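My notes follow in the order I checked things.

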Amino acid sequence: MIARLDVQERGEKASLDTPGGAELAAQLGAQGPSLPFFAFLDERGELIANSYRPVSGKPGGANIGHPTEPEEIDYFMQMLRKAVPALTPADTQLIENYLRNQKR
């Protein structure tokens with residue numbers, strides 16, 4: 001299941017924020033105004049992985065957002081393999097190829 005939270009909307013769009021969304025995002029590891037933010041949860045709602053990849057000298061890491069850089073794509077693919085182990089190698093390769101070939 002995929003759930004989308006709207007957070008950090010401003011001005012007249014502030015009413016679009018998901019009630020409690022900012023708090024939930026923070027509980028899942030979101031740090032400040034860095035969107036998009038991804039979090040994969042298990043069936044109990046426990047965090048499997050989020051989009052903050054470890055970065056030397058940066059406590060808490062760095063959010064990959066929409067992955068475009070090679071190291072961001074590598075981390076996203078690690079997240080995906082961890083969160084969705086039943087994903088076939090062909091599907092995994094399709095997703096990775098799409099990300100690596102997207103226009104920047």
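**Entry 1: salt bridges.** I am working from a predicted model. I started with the charged pairs and found 5 salt bridges in the structure. Arg-4 pairs with Asp-6, with 3.0 Å between the closest N and O atoms. I looked up the cover on Arg-4 and found it exposed, at 67% relative accessible area, where the cut-off is over 50%.

Next I went to Asp-74 and Arg-100. Their side chains form a salt bridge at 2.3 Å, N to O. This pair links distant parts of the chain, since Asp-74 sits in helix H2 and Arg-100 in helix H3, 26 residues apart. Asp-74 is partly exposed at 36% relative accessibility. Arg-100 is also partly exposed, at 32%.

Arg-100 has another partner, Glu-96, at 2.9 Å from N to O. Both residues belong to helix H3 and lie 4 residues apart, about one turn of the helix. Is Glu-96 buried or exposed? Glu-96 has 17% relative accessibility, and the limit for buried is under 20%, so Glu-96 counts as buried.

I also noted a network: Asp-42, Glu-43 and Arg-44 are joined by salt bridges that share partners.

**Entry 2: charge count.** I counted 11 positive and 14 negative side chains in the chain. The centres of the two sets are 5 Å apart.

**Entry 3: helix H2.** I checked the length of H2, residues 70-83. How far apart should its ends be? At 1.5 Å a residue, its 14 residues should span 20 Å, and the end C-alpha atoms are 20 Å apart, so the two values agree.

I then listed the buried residues of H2. They are Glu-72, Ile-73, Tyr-75, Phe-76, Met-77, Met-79, Leu-80 and Ala-83. What covers them? The cover includes strands E1 (39-41), E2 (47-50) and E3 (52-55), along with helix H3 (89-101).

**Entry 4: whole chain.** I stepped back to the fold. The chain has 3 helices and 4 strands. Their order along the sequence is α-β-β-β-β-α-α. The C-alpha atoms fill a box of roughly 40 × 30 × 30 Å along the principal axes.

I looked up burial as well: 27% of the 104 residues count as buried. The exposed surface comes to about 7,400 Å², and carbon and sulfur atoms supply 55% of it. Last, I checked contacts between residues at least 6 apart in sequence, and 31% of them join residues at least 24 apart.

Note on methods:
Residues numbered from 1 in each chain as written. Predicted model: local features only at pLDDT ≥ 70, side-chain atom pairs only at ≥ 80, totals over all residues. Heavy atoms only, no water. Helix = DSSP H or I, 4+ residues; strand = E, 2+ residues; numbered from the N terminus. Buried < 20%, exposed > 50% of the residue type's maximum accessible area, 1.4 Å probe, protein only. Contact = heavy atoms within 4.5 Å. Areas by Shrake-Rupley, 256 points an atom, 1.4 Å probe, with all protein chains shown as cover. Lys, Arg positive; Asp, Glu negative; His and termini not counted. Charge placed at Lys NZ, Arg CZ, Asp CG, Glu CD. Expected span 1.5 Å × (residues − 1). Salt bridge = Lys/Arg side-chain N within 4 Å of Asp/Glu carboxyl O.
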